[in-house]
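Dear colleague,

Please find below the structure that I am handing over to you. A short account of the findings follows it.

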Amino acid sequence: APTAFNDQSSIPKPEEIRAFYLDGTQGIMLWKGTWHALHRFPLHPPHVDLGLITEMETQHELQSALNKRTKLKRTQAIDYEQLSNVNFKVVDPLDLIGEGEDVE
């Protein structure tokens with residue numbers, strides 16, 4: 001769910017985190033303040049086609065941050081393991097990934 005952008009302590013609780021299956025024929029739209037991961041796991045490797053539409057300012061900030069030239073102002077990035085010693089495991093109850101594999 002979206003959180004208060006101006007409140008740096010307003011992050012999702014680990015028990016609120018969800019993973020979703022997308023079959024590749026649809027897109028998703030996330031509202032401002034909605035948390036999302038950078039990880040995508042294709043069900044049928046070797047690749048996944050992904051397009052991300054974002055504001056130009058956000059894209060420039062992310063590129064600069066990756067190059068260690070600036071701190072994030074428009075985006076929050078957190079590491080749950082570092083923050084609270086929490087790791088996530090995506091479980092595949094329908095075995096869509098194949099052969100009972102799960103993703104950590």
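Is Phe88 buried, partly exposed or exposed? With a relative accessible area of 33%, Phe88 is partly exposed. Please note that this is a predicted model, and that the values in this message are computed from it.

A pair of aromatic rings is described by the distance of the centres and the angle of the planes. Here the count comes to one such pair. The ring centres of Tyr80 and Phe88 lie 5.1 Å apart and the planes stand at 90°; since an angle over 60 degrees counts as edge-to-face, the pair is therefore edge-to-face. Tyr80 has a relative accessibility of 12% and, because buried means under 20%, Tyr80 counts as buried.

A second finding concerns the surface. Phe20, Leu22, Ile28 and Leu30 make up a nonpolar patch there, and together they have about 450 Å² of accessible area. One of these residues, Leu30, is located in the segment before helix H1 (56-66). Leu30 has a relative accessible area of 40% and is partly exposed.

Lys89 and Ala19 are separated by 70 residues in sequence, while their C-alpha atoms are 9.7 Å apart in space. Lys89 belongs to the segment after helix H2 (80-84), and with a relative accessible area of 49% Lys89 is partly exposed.

Yours sincerely

How values were computed:
Residues are numbered from 1 along each chain as its sequence is written. This is a predicted model: local features need pLDDT of at least 70, side-chain atom pairs count only at pLDDT 80 or more; totals for chains, interfaces and linings use all residues. Side-chain values use heavy atoms; hydrogens and water are left out. Rings of Phe, Tyr and Trp (its six-membered ring) pair if their centres lie within 6.5 Å; planes under 30 degrees apart count as stacked, over 60 as edge-to-face and the rest as tilted. Buried means under 20% relative accessible area, exposed over 50%, partly exposed in between (1.4 Å probe, protein chains only). Patches are made of residues with over 30% relative accessible area and no salt bridge: like charges are joined within 9 Å, nonpolar side chains (Val, Leu, Ile, Met, Phe, Trp, Tyr) within 5 Å. Accessible areas come from the Shrake-Rupley method with a 1.4 Å probe; for residues, only the protein chains shown count as cover. A salt bridge is a side-chain nitrogen of Lys or Arg within 4 Å of a carboxyl oxygen of Asp or Glu. Helices (H or I, at least four residues) and strands (E, at least two) are DSSP runs, numbered from the N terminus.
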